[in-house]
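Let's take a walk through this protein together, with the model open beside the text.

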Amino acid sequence: MIKRGGILLAALVAVSSAFTGVATADAAPPTPQPRHSATAQLTPLTTENVATDAAVTCTVGHVRTDRTSSCASGGLRVDFYIEPEHQYQGSANFAWTSNVQLDARNRHRWTDKVTLRLLSTTVPAAELGVASITETCGHCTSTGGTPQITTLGTTRNWDIVIDSPGAVTNTDAQAPHLNYEAAPYTPVSIDLGPKLNVRCDNTPRMSPAAAGGCVYPDYTPSYNISVTGPFDQVAWHIDWAQHNLKNHWGWKGHGPALTRTMGKALIRANRRTACPSSIPRPAGKSCDEYPFASTHQGASVNPDFSCHMLPAAQNRLEGRARQSWYNANRLLENDKFWVNVTNVPTVRSDAAMRPLVQCP
C-alpha cells in the first residue's frame, strides 16, 4: 500500500507541474519576457502676465496669469520603448490646457479645468490609453480627476476642485498632474506646465476673514483710476505726482511699485507727516497724499511725496474704493502694486488738470 501510494503522489506532482509551469529537472527555463516602457516630455511654454482689466485667455505655447486666474496650453509627447534594448516603438502626441480660477473670497473651493486630446499616435496601444488628473501641491487636496480613456481625436475634460484646508497663510507651487498608461507600457506621470505659486490666507481685516481666499502672489496688480471717473481730482493728483516726483512712485515702466502696509501706526504716521493739522483746509476740501498712506512709501518714511487739497467727498469715496480693491486682490503686508491713471488726454499738459490746491 505504501509503495502504491507513493507512485500515485509522484504522478499528481508531475501533472501539477505541467499546469502550473513549475520547472522539473528535465524542463527548460522560461524565456524572459520583454519589458515595455514609456517616457513623456512637454513642449516648452512662455510665461506672461496679463493686464488687470484684460481677460486671461488660453494661447498655445503660453502660460498667462493675472491675480486670480491663469491659463496654460501646450503639447505633450509620449514615447514608447521595448527594454532592455530601449528599442523605440513609436509615440503619441497630445494637446492639453489648464484653466484655473482661484477664489479670492473662498480658499476652500476653486477649480482647475483641464483638457487632454490625443492628436496622433503610431502605437495602437495609445488609442486605448487611460489618463487621470490630480493636482500637485503641498497643502491642498483635490477631487474630480476620474480616469478616462484617451481615444484618438477626442477631447477629455476634468473639473478639478481644489481645497486649501485650515486657516493659516500658506503658499503652494501648484500644477495639474497627469497619470497616463497605455498597456502594456509602463505608466507616465508628469506635471502639465510649470508650477505656479498660489497663496491662501484668512488674514484679519481682509474680507471675508472666515472663508479666506487665494491669489497668485507673484502677479503684481494695477489699481486703475480715471481722470473722467467719480474721483477725477484724486486721479489728476496721482497723475501730477507720478510725473513730478523724483521717483515716479507706482508708475509702471517709470518708477518702483508701491508696497502695501496694513500697520495702523505706520498709516497714521504717514498721514500726519503728509497732511499735518497745521495745514489749513479750504472749505469742502481735505488733504490727499501720494504715495498713499497705506503704503511703505508713505510720507513718514519717504520725503519724496505730494499732497494736495481735494474735494473731501471724492477723497472719502476713493479711499473706500481702493480698500475694496485691496480686498478683491488680497493685497497683504508688503504686497506690490501699480497705480494706473487712465483716460488721460493723448497730448498731456498740466493745464489739462482740474484746479488743485497744492499743500503749502
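Is C275 buried or exposed? With a relative accessible area of 10%, C275 is buried, where buried means under 20% relative accessible area, exposed over 50%, and partly exposed in between (1.4 Å probe, protein chains only). Before going further, please keep in mind that this is a predicted model, in which local features need pLDDT of at least 70 and side-chain atom pairs count only at pLDDT 80 or more, while totals for chains, interfaces and linings use all residues. Residues are numbered from 1 along each chain as its sequence is written, and side-chain values use heavy atoms, with hydrogens and water left out.

Let's stay with C275 for a moment. Its disulfide partner is C287, and the two sulfur atoms lie 1.9 Å apart; a disulfide here is a pair of cysteine sulfur atoms within 2.5 Å. The torsion about the S-S bond of C275 and C287 is about -70 degrees, so this disulfide is left-handed. C275 lies in the loop between α3 (264–274) and β17 (285–290), while C287 lies in strand β17, so the pair ties together parts that are 12 residues apart in sequence. Helices (H or I, at least four residues) and strands (E, at least two) are DSSP runs, numbered from the N terminus. Like C275, which is buried, C287 counts as buried, at 12% relative accessibility.

In total, 4 disulfides are counted. One of them joins C58 to C71, with an S to S distance of 1.5 Å. C58 sits in the loop between β2 (46–49) and β3 (62–65) and C71 in strand β4 (residues 69–83), so this pair ties together parts that are 13 residues apart in sequence. C58 is partly exposed at 37% relative accessible area, whereas C71 is buried at 1%. Another disulfide links C137 and C140, whose sulfur atoms are 1.6 Å apart. Its S-S torsion is about -95 degrees, so the disulfide is left-handed. C140 is buried, with a relative accessible area of 11%.

Now for the charged side chains. The whole structure holds 8 salt bridges, each being a side-chain nitrogen of Lys or Arg within 4 Å of a carboxyl oxygen of Asp or Glu. In one of them, R330 meets D201 at 2.8 Å, N to O. R330 lies in the loop between α4 (312–328) and β19 (336–342) and D201 in strand β13 (residues 196–201), so the pair ties together parts that are 129 residues apart in sequence. R330 is buried at 0% relative accessibility, and D201 is buried at 0% too.

Being 4 residues apart in helix α4, R322 and E318 are separated by about one helical turn. R322 is buried at 11%, and E318 is buried at 1%. Elsewhere, salt bridges that share partners join R67, R199 and D335 into one network. K195 and D191 also pair, at 4.0 Å, N to O; K195 is partly exposed at 46%, while D191 is buried at 18%.

I149, in strand β9 (residues 148–150), is partly exposed at 40% relative accessibility.
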